Amino acid sequence: MFNPHESFRPAFSYTNSDAAILRFPFPFPHDQYRYVVNLEPHVKGGPTQAYDAVFDVDEHYVAECAERALTLIADPKRCQVLPHMMAAQWDVLELIMESLAADYPDHFTLIRDGDAWTWINRPLNIEQHFTFGDPATLPYEPFEYITRQAQGDFTIHDQRDNDLWLDGGMVTAQADWSLDFDLGMSFMEWHAPVPKAHELGVFDRALKFLLGLRLGAPVRRVNWTMTVNPRLDTSPEAYPSWGPDRTTITPENVAEKLHLRVELQTLFRLPRSNGILFGIRTYLISLADLARVEKWRKRLHRVLRDLDPPIIEYKGLTRTRRAALDYLAQFDDGAPIPPGTAPGQTTLL
Amino acid sequence: MTQSARLHVRVAGIEPLNATLRRITLQHAEGALLPASAPGAHIQLELRGDTRSWRNAYSLVSPPGTRTAYSIIVRKVPQGRGGSLYLHERLAIGQTLTILPPVNLFPIAGLARKHLMLAAGIGVTPFLSTRAALAETPFELHLRCRAADQAAFQTLLAPWPHAHIHAGPDFNPTDLLRHQPLGTHLYLCGPTGFMQAAEAAARALGWPAARIHQEHFGAPTGGRAFDAVLARTGRTIHVAQDQTLLEALEAADIDAPSLCRGGACGECRLPLLAGTPDHRDHFLSESEHATSIMPCVSRSHGEAITIDI
């Protein structure tokens, strides 16, 4: 089930199986990309199987955990939590362990005897006995411990003074933003670089909504960008490694080299700390793989073609969009396609 | 707000504290663990009487983080809406109830230099779960109560070294509010009149609004019942007091799109033709409120509103 030997660094070895392609969380329900507060309840079930678990585990799980460990060796500041967030750290550990054990009982088991807990992670070959609430009984602080065993980035937010504060995170697979830079910022501060949405009032509404987020009623949204090569770490810190990739796209290599990068973002109220956990689960798919779904290849062509210039710039697509459009245009006959993001086919082209 | 999944609980304990106060302990109906809770959190109980039902909010008084049981304290209010009478006269050990998971609208301010807590009567309950969270920060709790309740509250406040109980109606917090160190946060819980007077006194003394926290018990999604007239079909949909307009439309099998169910996304927006709407959304502008309503949170001030569906 897992591809443990994938690599997200040069010389890159990353593949999506047919099943992984069909479960990809394609982000565009309409032909035109629109900035909206596209939050919906994070309930099990959605357009693809990527929505079937609280925290989705797929064939890249083992490789992504290994990639995270490598990134942390080179740059330990990718995981930082401010000291007042210890209650939130335990909240996150509990939420992730309970969810993984419930959704994937073949892979994960959580045994509780009061505060004496045993955590078994079979894919990573871990059996950990520890005392819930006592950080000294774990090899890392609780947030780092459990997010080293989860796919996707995570941030934790303190709620104070009618605002949310980015007071901790495990961020090794980000689309060009820096935890070290944003740590401690308020909601408006860390969203400041996003174009257009401020004028539309999107962030005012989103913040009000999140301040009222309820325990047991998590929400989700998808976000997207494009990445050259199947690279998870596109951080500002690593820019010298990946920035030049953008100049390497040619008509010959665009289908294999350019990837649609989708973040399935989830937001959970945390019970003891009253904080919020933000999960940013990244999925990568090459244009060649995406083109095996008729609806998706046509829709991506239309979305990219009609994208607003400020968004092209913000998402870093200036150098790669032309080649992507030239590749995708051959598939698009202009015929109407139904709304929604489900693939609409059960086998690939 | 997006509706949380309901929890099924069983009444595990009923303990009288005095003639009008009782502590009720709830455990998960299937023996599972309940969600942990934060200091100051409350739960909603759904109660079904013979002729009507209630959805009442009660502060958790069990230690935060406890997952084996929730405790609440309920005051018997003979002239109330009936929910507390039900809990005092009808509730039996072993009975099952549905509740909504804990919500915390009254958190402790983590950066406060001092906490000043003013409570009246049963308004002391949200403070009872906060003791451990106060840690090293100085705090002071003042409770105004009836003489008849003094003994019961004294017992509940035994772990509070700085609690002051003022039995009788004469407690005036103005002097206290005048002599607090910079960086103090004020927390108020009690009857509306008590909270308004204390807040006004604090504001008059120059307390910043962001340092004043109040716990209001009122279901944010409920309100008075009303009718929604659907102009295109002529149907009339009744919206009960503990139901949202969106829920009423859904219950009547009307296809009503929605996403966040919390007044933020705009997905459920409907054209409004007549009536005096009670807008509670965060999405529509003031001018849009004249012609639109968001049924996931908004209601009607009057007997009926008319919507263009």
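What radius of gyration does chain A have, with 349 residues, and what would a compact globule have? Chain A has 20 Å, which agrees with the value near 20 Å for a compact globule of 349 residues; the radius is taken over C-alpha atoms, and the globule rule is 2.2 Å times the number of residues to the power 0.38. This is a predicted model, in which local features need pLDDT of at least 70 and side-chain atom pairs count only at pLDDT 80 or more, while totals for chains, interfaces and linings use all residues. Residues are numbered from 1 along each chain as its sequence is written, and chains are lettered from A and ligands numbered from 1 in the order in which they are written.

**Chain A overall**

- The C-alpha atoms of chain A fill a box of roughly 60 × 45 × 40 Å along the principal axes.
- Of the 349 residues in chain A, 41% are buried, meaning that 20 or more other C-beta atoms, placed from the backbone, lie within 10 Å of the residue's own.

**Helices α11 and α13**

- Helix α11 (residues 294–305) of chain A packs with helix α13 (residues 321–329) of chain A at an angle of about 140°, their axes being 9 Å apart; axes are lines fitted to C-alpha atoms, for helices over the stretch in contact, and angles run from 0 to 180 degrees between N-to-C directions.

**Contact between the chains**

- Chain A gives 23 residues to the contact and chain B gives 27 residues, where two residues are in contact if their C-beta atoms, placed from the backbone, lie within 7 Å.

Technical notes
Helices (H or I, at least four residues) and strands (E, at least two) are DSSP runs, numbered from the N terminus. A residue is buried if 20 or more other C-beta atoms lie within 10 Å of its own, exposed if 12 or fewer, and partly exposed in between; C-beta atoms are placed from the backbone.
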